[in-house]
Amino acid sequence: MFGLDPAAPPARRGEGCGSPEHPADDKRAEPAAPVLAVHGTIVGVLVVTLGDALLDVIVRLGEPLSSGADALATTQTAAGGQAANVAAWVVALGSEARTVSKRGEDLAGDLVTAELKARGVDVVGPVAGRNGIVVSLVGVDGERTMASDRGVAPELAPADLEPAWFACDCLHISGYALLATPIDGAALRAAELARGNGARVSVDLSAWTRIREHGPVRFREQLEKLEPDVIFANEAEWEIVGAAYGLAPTAVVKRGARGLLVVGEERVELPAREGEVVDATGAGDAFAAGFLVGGPELALDAAARCVATVGAMP
């Protein structure tokens, strides 16, 4: 169901993406898919991500913040943004990745592009203006609070896209791409191009607070236009869009320390991996990458690996 069966033939472009078989009367354009199994196996797929490629500034607090006071902390910078994170984790897990984003022509943009390329990610998209920066405050309990400045990322437009970028097995779209214009139009165009190459489409719903501000009904309508094969959501996001399982053949609910729930042709519940939580930043992105590459077990492994270290990148 969620990963390529080891006994099945190798995936061709347009196969994989961790989604189930679809009935013959499904209205979507479907490639000939291999037999799928519940327990996934890492396969050599190409995952294209669309969304933000930002500079993350991660502040790990050594003590609680107090208004007007000074708190000890450890700070580091790295490439980030949901699309960039997922792409980096896909490569770290043994597959290929390309990220499509609009990046700044400033120092922050240069740093993000250089790091992603060094990690083996193919980075494409227009470069102009000011790159986005996200400050993540990581508490002593590992939970994070984020202050986000997306810079030029939401300015990615449908006309910026090259069809060749979407010759892939899976297109993974950040939910943040549906919260602004013109990048929401670019997401729809990317889905069209990817499906034209036989690829499957997945979406991570992203922050429920942003969905609430955007309008849950409007957001759900945009998801319906995308017709994703797989949706990722945490429990708050699942609730605010009115049960994500109605929007895709496979819905994956991220339950944090309680593991995952997959609703689709089969219902699967798995506990989270045990281990120390150092920093939860990027755990959902690592999870999504693992699921797309190898199914739910690899998703849990990747998330556990992510939270055991500081930062969102592998």
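Two strands are taken to pair if DSSP finds at least two bridges between them. Helices (H or I, at least four residues) and strands (E, at least two) are DSSP runs, numbered from the N terminus. The model is predicted: local features need pLDDT of at least 70, side-chain atom pairs count only at pLDDT 80 or more, and totals for chains, interfaces and linings use all residues. Residues are numbered from 1 along each chain as its sequence is written, and side-chain values use heavy atoms, with hydrogens and water left out.

Four strands form an open sheet in the order S5-S4-S8-S9, and their pairing is mixed. Strands S5 (73–80) and S9 (144–151) stand at the edges with a single partner strand each, so one side of each lacks a neighbour in the sheet. On average, neighbouring strands of this sheet are turned by 15° against each other, direction ignored. Axes here are lines fitted to C-alpha atoms, for helices over the stretch in contact; angles run from 0 to 180 degrees between N-to-C directions. Within the sheet, S4 (residues 54–61) and S8 (residues 131–138) pair in the parallel sense over six bridges. Asp-56 stands opposite Val-134 in S8.

Strand S12 (230–234) has parallel partners in S11 and S13. Three bridges link S11 and S12. Asp-204 has Phe-232 of S12 as its bridge partner. Five bridges join S12 to S13, and Asn-234 stands opposite Lys-254 in S13. Burial was assigned from relative accessible area: buried is under 20%, exposed over 50%, and partly exposed in between (1.4 Å probe, protein chains only). Four of the five residues of S12 are buried, so this strand is largely enclosed by the rest of the structure.

Ala-251 lies in S13 (residues 250–254). With 0% relative accessibility, Ala-251 counts as buried. Its C-alpha lies 5.2 Å from that of Val-263, twelve residues apart in sequence.

Helix H5 (residues 216–226) has Phe-219, Gln-222, Leu-223 and Leu-226 buried. Seen down the axis of H5, these buried residues fall within an arc of 100°, so they line one face of the helix. The arc is that of the directions from the helix axis to the C-beta atoms. Val-217 and Lys-225, on the other side of H5, are exposed. Contact means heavy atoms within 4.5 Å. The buried residues of H5 pack against strand S10 (170–174), helix H3 (183–196), strand S11 (200–204) and helix H4 (208–214).

Most residues other than glycine have a negative phi, and most peptide bonds are trans. Glu-227 follows H5 and lies in the loop between H5 and S12. Its phi is positive, near 50°. At 38% relative accessibility, Glu-227 counts as partly exposed. Ser-206 also has a positive phi, near 70°. Ser-206 is placed in the loop between S11 and H4, and counts as buried at 4% relative accessibility.

The loop between S10 and H3 holds Pro-182. A cis peptide bond joins Thr-181 and Pro-182, with omega about 15°. Gly-175 is found in the loop between S10 and H3 as well. At 0% relative accessibility, Gly-175 counts as buried. Leaving aside neighbours within four places in sequence, Gly-175 is in contact with Gln-82, Val-203, Asp-204, Leu-205, Ser-206 and Phe-219.

The largest pocket has a volume of about 1500 Å³. On a 1 Å grid over the protein atoms alone, a pocket is an open set of points where a 1.4 Å probe fits, with protein on both sides within 12 Å along at least five of seven lines; lining residues have an atom within 4 Å of a point. Grid points are joined across faces, edges and corners, and a volume is the space filled by probe spheres set on the points. The lining of the largest pocket comprises 49 residues, of which Arg-144, Ala-280, Gly-282, Ala-283 and Gly-284 are the closest to its centre. Elements giving two or more residues to this lining are S4, H1 (82–92), S8, S9, H4, H7 (283–294) and H8 (296–307). S9 gives the most, with five residues.
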